[in-house]
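Dear colleague,

I am passing on the structure below, which you have not worked with before. Please look through it once on your own, and then read the notes that come after it.

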Amino acid sequence: MKVSGGESSVLNLYAIREQESKPGLRPGTIAGLKHDTVEISPTGRQLAEGAIKHHVGKIFVSAQIDESLNRLLEGKPQEVSDAVHTIIDSNLLPGGSVSDEGERVALREAGLALAQYVADRYMSGDQSSELMAVMNQIAVIGAKGTVDSATGSVSYKMPPSRPVGAPEDYVDINELMKRFEPDTYKKLNEAVTGSGDWGSILFSFVQKIPQNEQWVTKYREETKQLMHELKTTKLDNRFTGANTSNMASFLLDINRKLEQTPLAKSDALMRNMANFAKILGHRA
């Protein structure tokens, strides 16, 4: 998945590149060297499968959304956090593994239903409504994604990131450069990744801002419009109102709603729903 507008490279200016000469492990065998082997019984395999926990990665959308999710999930069981971030990664902002647009739409709609299940079962009051507001914003970003017809990969335009506590009219210098001097932004990225003189490039751009106040004005107007769209856009959802009283009833209701508007391909959605239930400990 290609994501644009997330954390910019300038935020990683001090990252140290790994040297090509760094020692590493290489596959292979040594002649004459014998290895011990261990055979795991079927029972042991089942125990091992249940003992292994895989925690999903997190997609950075913006500082505000990241802060909201961290706060809402603080103190919640790990599986709840995993479920929320899986919804974002697999449903709301899916990559190129699902090429059919109809399937993407169904996954996104199901993702909001899954988020509602989490909100109803693991949140209360303001937390529940805030989680859904955040997930709806991410879903709108997903709905505006563009698909590369050649590769099937999806690009998402993330909202400019404003540090928590920064004023409403905060301007992200990186986004400003990307928007109004894309060639300079490209050179900056190349300098950062290639250990070049990125400092002088950044400083030179900052010096231009006072003479180009229209950049800041346009940036703020566009950012305000984008945030308004994210907060007010309502997406159609065939799974709205699914029963969230328990997992079994929820999955049954989702299937019933799906029967009313069947998909040409539903494999991805079925796997997605089963994975969500498994994360939260449900066994069919």
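What follows is a description of what was found, going from the whole chain to single residues.

Please keep in mind throughout that this is a predicted model. The chain has 284 residues, of which 37% are buried, and it contains eleven helices and three strands. Read from the N terminus, the order of these elements is β-α-α-α-α-α-β-β-α-α-α-α-α-α.

In soluble globular proteins, nonpolar side chains tend to be buried together. Here the largest nonpolar core is made of 49 residues, and Leu93, Met135, Ile138, Phe250 and Phe276 are the ones with the most contacts inside it. At least two residues of this core come from each of α2 (63-73), α3 (78-92), α4 (101-122), α5 (126-143), β3 (154-157), α9 (213-232), α10 (247-260) and α11 (267-279), and the largest share, ten residues, is supplied by α4. There is also a second, separate core of twelve residues, with Val171, Leu188, Ile209 and Val216 among them. To return to Met135, its contacts, once neighbours within four places in sequence are set aside, are with Val84, Ile87, Ile88, Leu92, Leu112 and Ala115.

Is Asn272 buried or exposed? With a relative accessible area of 9%, Asn272 counts as buried, because the cut-off for that term is under 20%. The side chain of Asn272 makes a polar contact with the side chain of Asn91, at 2.8 Å, and, not counting residues up to four places away in sequence, Asn272 touches Ser90, Asn91, Leu107 and Leu114.

Helix α6, which covers residues 173-180, has Asn174, Glu175, Leu176 and Met177 as buried residues, and the buried residues of this helix pack against α7 (182-193), α8 (198-208) and α9. At the start of α6, a side-chain oxygen of Asp172 comes to within 2.9 Å of the backbone nitrogen of Asn174. The axes of α6 and α9 approach to within 11 Å and cross at roughly 100°, which means that α6 is roughly perpendicular to α9. On the α6 side this contact is made by Glu175, Leu176, Arg179 and Phe180, and on the α9 side by Trp215, Val216, Lys218, Tyr219 and Glu222.

Leu263 sits in the loop between α10 and α11, and although Leu263 and Ala106 are 157 residues apart along the chain, their C-alpha atoms are separated by 8.2 Å. Apart from neighbours within four places in sequence, Leu263 is in contact with Gly102, Ala106, Arg238, Leu258 and Leu269. Ser195, in the loop between α7 and α8, has a positive phi of about 60° although it is not a glycine, and Ser195 is exposed, with a relative accessible area of 54%.

With kind regards

Key
Residues are numbered from 1 along each chain as its sequence is written. This is a predicted model: local features need pLDDT of at least 70, side-chain atom pairs count only at pLDDT 80 or more; totals for chains, interfaces and linings use all residues. Side-chain values use heavy atoms; hydrogens and water are left out. A nonpolar core is a set of buried Ala, Val, Leu, Ile, Met, Phe, Trp, Tyr and Cys residues joined through side-chain atoms within 4.5 Å. Buried means under 20% relative accessible area, exposed over 50%, partly exposed in between (1.4 Å probe, protein chains only). Helices (H or I, at least four residues) and strands (E, at least two) are DSSP runs, numbered from the N terminus. Contact means heavy atoms within 4.5 Å. A polar contact is a pair of N or O atoms within 3.5 Å; within protein, one must be able to donate a hydrogen and the other to accept it, and residues adjacent in sequence count only if both atoms are side-chain atoms. Axes are lines fitted to C-alpha atoms, for helices over the stretch in contact, and angles run from 0 to 180 degrees between N-to-C directions. Angles under 35 degrees count as roughly parallel, over 145 as roughly antiparallel, 65 to 115 as roughly perpendicular and the rest as oblique.
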